[in-house]
Amino acid sequence: MNTYTSFLFAFGISFVVAPLVMLLAHNSGAVALPGRRHIHSYPTPKFGGIAIAAGVLFILPFIFSNNLAITYVTASVIMLILGIYDDIKPTTW
């Protein structure tokens with residue numbers, strides 16, 4: 001799979017998944033509310049990382065087929081889970 005095809009396929013996945021993730025964020029209450037810490041004027045979904053990760057992680061095994069890809073996917077999924085947890089329940093450092 002060449003670079004442009006990989007990019008377009010990952011973009012397409014993220015583009016399709018993003019509205020679903022926004023709906024999930026609104027329904028689960030994972031939104032950033034307007035206030036002192038946020039400059040937006042309406043509630044904004046926080047789960048954007050899921051849509052990006054879906055595109056990248058789905059296409060990655062087609063690009064790389066070695067142990068490095070497995071390590072990258074494992075580390076990325078762990079970071080994604082921690083990010084989702086932080087979006088749902090704000091954590092301290």
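I take a salt bridge to be a side-chain nitrogen of Lys or Arg within 4 Å of a carboxyl oxygen of Asp or Glu. For charge, I count Lys and Arg as positive and Asp and Glu as negative, leaving out His and the chain ends.

**Ground rules.** The model is predicted, so I use local features only at pLDDT of at least 70 and side-chain atom pairs only at pLDDT 80 or more, while totals for chains, interfaces and linings use all residues. Residues are numbered from 1 along each chain as its sequence is written, and side-chain values use heavy atoms, with hydrogens and water left out.

**Entry: D87.** I looked up D87 in helix α3. Helices here are DSSP runs (H or I, at least four residues), numbered from the N terminus. D87 is buried, where buried means under 20% relative accessible area, exposed over 50% and partly exposed in between (1.4 Å probe, protein chains only). I found no salt bridge for D87. The nearest side chain of opposite charge is K46, 5.4 Å away. I then listed contacts, meaning heavy atoms within 4.5 Å. Leaving aside neighbours within four places in sequence, D87 is in contact with A30, K46 and F47.

**Entry: A30 and the core.** I followed the contact from D87 to A30. With neighbours within four places in sequence left aside, A30 is in contact with A25, T44, P45, K46, F47 and D87. A30 also belongs to the largest nonpolar core. Such a core is a set of buried Ala, Val, Leu, Ile, Met, Phe, Trp, Tyr and Cys residues joined through side-chain atoms within 4.5 Å. The core has six residues in all: V21, A25, A30, F47, I50 and A51. Helices α1 (3-28) and α2 each supply at least two residues of this core.

**Entry: helix α3.** I checked the length of α3, residues 67-88. The expected span is 1.5 Å times one less than the number of residues. For the 22 residues of α3 that gives 32 Å, and the end C-alpha atoms are 32 Å apart, which agrees. Which residues of α3 are buried? They are A69, S76 and D87. They cover an arc of only 35 degrees around the axis, so they sit on the same side of α3. The arc is taken over the directions from the helix axis to the C-beta atoms. The buried residues of α3 pack against α2 (48-63). On the face turned away from the buried side I find the exposed residues N67, I70, T71, I81 and L82.

I looked at I81 separately. I81 is exposed, with a relative accessible area of 52%.

**Entry: helix α2.** The buried residues of α2 are I50, A51, A53, G55, L57, I59 and L60. What covers them includes α1 and α3. At 48% relative accessibility, P61 counts as partly exposed. P61 and F9 are 52 residues apart in sequence and 13 Å apart in space, C-alpha to C-alpha.

Entry: I picked S14 in helix α1. Is S14 buried or exposed? S14 is buried, with a relative accessible area of 18%. Not counting residues up to four places away in sequence, S14 touches A51, I52 and G55.

I13 lies in helix α1. I13 counts as buried at 18% relative accessibility. With residues up to four places away in sequence not counted, I13 touches A54, G55 and F58. I13 and I52 are 39 residues apart in sequence, yet 8.5 Å apart in space, C-alpha to C-alpha.
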